[in-house]
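Good morning, and thank you for coming. I shall speak briefly about the pockets and the nonpolar core of the structure on the next slide.

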Amino acid sequence: MADAEQELALLHLLAPVARGWRQMGDAALAQFGVSSSAGWCLMHLSRLAEPPRQAELALLLDISPPSLVRTLDQLQIAGWIERIADPDDKRSNRLALTDAGKALAEKIAARLAELRAGLLSGLPDGAVEVGVELLGLLSLRMAEQRAGVE
């Protein structure tokens, strides 16, 4: 079991590491003339098998649906996404990348993959898997505590 100093060190590193990755990603997005909010929205859309509803995308991005509207409007004006009427619910739209949006998302993904490789290359075998498992467990525990589950 980790001692208290190691546990503190781990928890104190979470925010700066997340912030650092986000800053590196934002700089990569800027190389393509894309804002942070627009770029991360494109990346999430490119990874989904089916076009999501706006509320579903907002949940994935951890923002409120109304906050997402402006970004979606900008992406649509730029020709990178389209809103498609949801066949199951006429009151809502699904969001899909256009061909231009797919092409841009592929370029961004390639640049992010380069950054990721630079950060993660040379790590000990299994380190990434352990890190993913650890962060997943911490995220779950935080969500449970926010929900009042102990």
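Let me begin with the second largest pocket, which has a volume of about 190 Å³. Please keep in mind that the model is a predicted one. Which residues line this second pocket? They are Leu-14, Leu-135, Gly-136, Leu-138, Ser-139, Met-142, Ala-143 and Arg-146. Helix H6 supplies the largest share of this lining, with 7 residues. By type, the lining of the second largest pocket consists of 5 nonpolar residues, 2 polar and 1 charged.

I turn now to the largest pocket, which holds about 1200 Å³ of space. Its lining is made up of 31 residues, and those closest to the centre are Leu-14, Val-17, Ala-18, Trp-21 and Leu-135. Two or more lining residues come from each of these elements: helix H1 (4-31), helix H2 (36-47), helix H3 (54-61), helix H4 (65-77), helix H5 (99-120) and helix H6 (127-146). Which element gives the most? It is H1, with 9 residues. The lining of the largest pocket divides into 21 nonpolar, 6 polar and 4 charged residues.

Next, the core. The largest nonpolar core contains 23 residues, and the ones with the most contacts inside it are Cys-41, Leu-42, Leu-57, Leu-72, Ile-81 and Ile-108. The elements contributing two or more residues to this core are H1, H2, H3, H4, strand E2 (89-97) and H5. Here H2 gives the most, with 6 residues.

What does Leu-72 touch, if residues up to four places away in sequence are not counted? Its partners are Cys-41, Gln-54, Leu-57, Ile-81, Arg-83 and Leu-95.

Finally, consider Asp-26, which is found in helix H1. Is Asp-26 buried, exposed or partly exposed? Its relative accessible area is 25%, and it is therefore partly exposed, since buried means under 20% and exposed means over 50%. Setting aside neighbours within four places in sequence, Asp-26 is in contact with Ser-36 and Trp-40. As for Leu-95, it lies 69 residues from Asp-26 along the chain, and the C-alpha atoms of the two are separated by 22 Å.

Thank you for your attention.

Definitions and conventions: Residues are numbered from 1 along each chain as its sequence is written. This is a predicted model: local features need pLDDT of at least 70, side-chain atom pairs count only at pLDDT 80 or more; totals for chains, interfaces and linings use all residues. Side-chain values use heavy atoms; hydrogens and water are left out. On a 1 Å grid over the protein atoms alone, a cavity is a set of points where a 1.4 Å probe fits but cannot get out, and a pocket is an open set with protein on both sides within 12 Å along at least five of seven lines; lining residues have an atom within 4 Å of a point. Grid points are joined across faces, edges and corners, and a volume is the space filled by probe spheres set on the points. Helices (H or I, at least four residues) and strands (E, at least two) are DSSP runs, numbered from the N terminus. Ala, Val, Leu, Ile, Met, Phe, Trp, Tyr, Cys and Pro count as nonpolar, Asp, Glu, Lys and Arg as charged, and the others, Gly among them, as polar. A nonpolar core is a set of buried Ala, Val, Leu, Ile, Met, Phe, Trp, Tyr and Cys residues joined through side-chain atoms within 4.5 Å. Buried means under 20% relative accessible area, exposed over 50%, partly exposed in between (1.4 Å probe, protein chains only). Contact means heavy atoms within 4.5 Å.
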